Amino acid sequence: MIREDWAEGKLEDLLNYVQPTNYIVDSTVYNDTYKIPVLTAGKTFILGYTNEENNIFTELPVIIFDDFTTATKYVNFKFKVKSSAMKILVPASDKVNVKYVYYYMQTIRYNVDTHKRYWISIFSKLNTLIAPLPEQRAIVSKIEQLFSELDSGIDSLEKAKDQLEVYRQAVLKVAFEGKLTKKWREENNYSMVSYLNKLQKIKEEAIKDKLIPKSDYFPEFKGEDLTYNTPFNWITLPWKSIVSDNKYAMKRGPFGSALKKEFFVDKGIVVYEQGHAINNDPFRHRYYITNEKHKELEAFTVKGGDMIISCSGVTLGRICLLPEDADIGVINQALLKIDINEEIILKKFFLLLFRSETFQRLIFKKSQGTAMPNMVAMTELREIPIPVPSINEQEVIIKEIESRLSVCENIEANIEEALEKAEGLRQSILKKAFEGKLLSKEELEACKQEEDWEPAEDLLKRIKEANKEVN
């Protein structure tokens, strides 16, 4: 139920639309030193800046409406556009508070389930609640005050998250430099002799079985090629020497036509994709293949205990250790699978090492493609140096890291919960605003004392009349 001095109209009563065709940029050669932003309907919003001086949109402010996703942006600066996949929504008269309408549109929830244009057919026909003009200004001012306070709190939470990540990486750095276990080594009179002898036996068996050549099992790494400055009694091994003896223990997913979407079925053998590694969620499956197709792709099989790594794009280097009860499946082309020989290095140790900033930098250094990094140089990856202490020390290092990072994880969980509540609070502020409950009685009374106060019904009539004259 709306207040008696409010009115209900349609969005098309308040906003007209302008097709962006006349304002499309001629050249896509952008430069940050240019002055005019080029807008897109997508998430990027500002694609870049142009030096073109013709056909610039200047009648401000406006609302940019993505005609396919219904996303909106409030714009009060001159601009050009990249394409026609948007509507430029302009006020129907000078009596329309564009920012008030923009905030109201943030409360609209509409299921966008088909690829079509939404403004003319649907959104323009939706109801909107209209307050008297002075009250609109007060509502906008109050929303922005509360949002500013909210954003300040969110900024503090994000900074705290960043500080946690700095701490996390600091813990990993000292751990893989042997500093967390220095006292342990002293107390246990630690020596690498027996462990090196064990590795030597593994080496001899591998050479005997012709799994590796004699010459490069323990290549030398020096200076900047090393991942960490480790204690003298650790050893550094190439990545290829720590994988299991399975010939498919380190394998990039199938390229080309080997695994296309037309092979997918509703149920069957799981297809692991980047999302599994990115989200560290090994049970959220989307795609499956038949048993017959799986036999063709046997080399790309993964199972519980294997690790999968995102090996392309902005998520390059994300890693997930599949739990023992994970479904057997195959990896897609965006993943690398590895199976570690735990006689040499524990999987948890490798997982933590892999997530460290130093190791991640090395991964990106070895990747190809500047715009879209891609882990394609398998020969180089196999040579990446891995710092290896004894199994006993690895176990102690894992415990030391986990005891410290568990505190981080608890704090981070609290921060994430607070961030979710902040977003909920933002929606609550908007809800109260357009229920007429955001302003106090004193603030409402002050609105009624303004010269241009009138019931919203009268305001809406004048807006419609002005719009008819223009059209």
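**Helix α2 and its surroundings**

Let's start at a contact. Lys-99, Tyr-100 and Tyr-103 in helix α2 meet Gln-136, Ile-139, Val-140, Ile-143, Glu-144 and Phe-147 in helix α3. Contact here means heavy atoms within 4.5 Å. By class, the residues of this contact are 6 nonpolar, 1 polar and 2 charged. Nonpolar covers Ala, Val, Leu, Ile, Met, Phe, Trp, Tyr, Cys and Pro; charged covers Asp, Glu, Lys and Arg; the others, Gly among them, count as polar.

A word on the source. This is a predicted model, where local features need pLDDT of at least 70, side-chain atom pairs count only at pLDDT 80 or more, and totals for chains, interfaces and linings use all residues. Residues are numbered from 1 along each chain as its sequence is written, and side-chain values use heavy atoms, with hydrogens and water left out.

Now the geometry. Helix α2 spans residues 98–105 and helix α3 spans residues 133–175. Helices (H or I, at least four residues) and strands (E, at least two) are DSSP runs, numbered from the N terminus. The axes of α2 and α3 come within 9 Å and cross at roughly 60°. Axes are lines fitted to C-alpha atoms, for helices over the stretch in contact; angles run from 0 to 180 degrees between N-to-C directions. The two helices are therefore oblique to each other. The cut-offs: under 35 degrees is roughly parallel, over 145 roughly antiparallel, 65 to 115 roughly perpendicular, and the rest oblique. The crossing of α2 and α3 is left-handed. That is, the near helix is turned anticlockwise from the far one by less than a right angle; clockwise would be right-handed.

How many of the 8 residues of α2 are buried? The count is 7, so α2 is largely enclosed by the rest of the structure. Buried means under 20% relative accessible area, exposed over 50%, partly exposed in between (1.4 Å probe, protein chains only). The buried set is Val-98, Tyr-100, Val-101, Tyr-102, Tyr-103, Tyr-104 and Met-105.

What caps the N-terminal end of α2? Asn-97 does, with a side-chain oxygen 3.2 Å from the backbone nitrogen of Lys-99. For polar contacts, the rule is a pair of N or O atoms within 3.5 Å; within protein, one must be able to donate a hydrogen and the other to accept it, and residues adjacent in sequence count only if both atoms are side-chain atoms.

Across the contact, take Gln-136. This residue is in α3. Gln-136 is buried, at 4% relative accessibility. A polar atom of the Gln-136 side chain lies 2.8 Å from the backbone oxygen of Ala-131. Beyond four places in sequence, Gln-136 is in contact with Asn-97, Tyr-100, Ile-130, Ala-131 and Leu-459. So the capping residue turns up again, as a contact of Gln-136.

Helix α3 has another partner, helix α11, residues 391–433. Their axes come within 10 Å and cross at roughly 170°. The pair is therefore roughly antiparallel. The residues of the α3 and α11 contact divide into 26 nonpolar, no polar and 8 charged.

Phe-65 is buried, at 0% relative accessibility.

Most residues other than glycine have a negative phi, and most peptide bonds are trans. The peptide bond from Leu-60 to Pro-61 is cis, with omega near 0°. Pro-61 sits in the loop between β4 (46–50) and β5 (62–66). Asn-55 is in the loop between β4 and β5 too. Phi of Asn-55 is positive, near 55°. Phe-45 also has a positive phi, near 65°. Phe-45 lies in the loop between β3 (36–39) and β4. Buried or exposed? Phe-45 is buried, with a relative accessible area of 11%. Asn-55 is partly exposed, at 44%.

Thr-358, in helix α9 (residues 357–366), is 130 residues from Tyr-228 along the chain. Their C-alpha atoms are separated by 7.5 Å. Thr-358 is buried, at 16% relative accessibility.

Last, the whole chain. The protein chain has 13 helices and 19 strands. Of its 471 residues, 47% count as buried. Among contacts with a separation of 6 or more, 76% join residues 24 or more positions apart.
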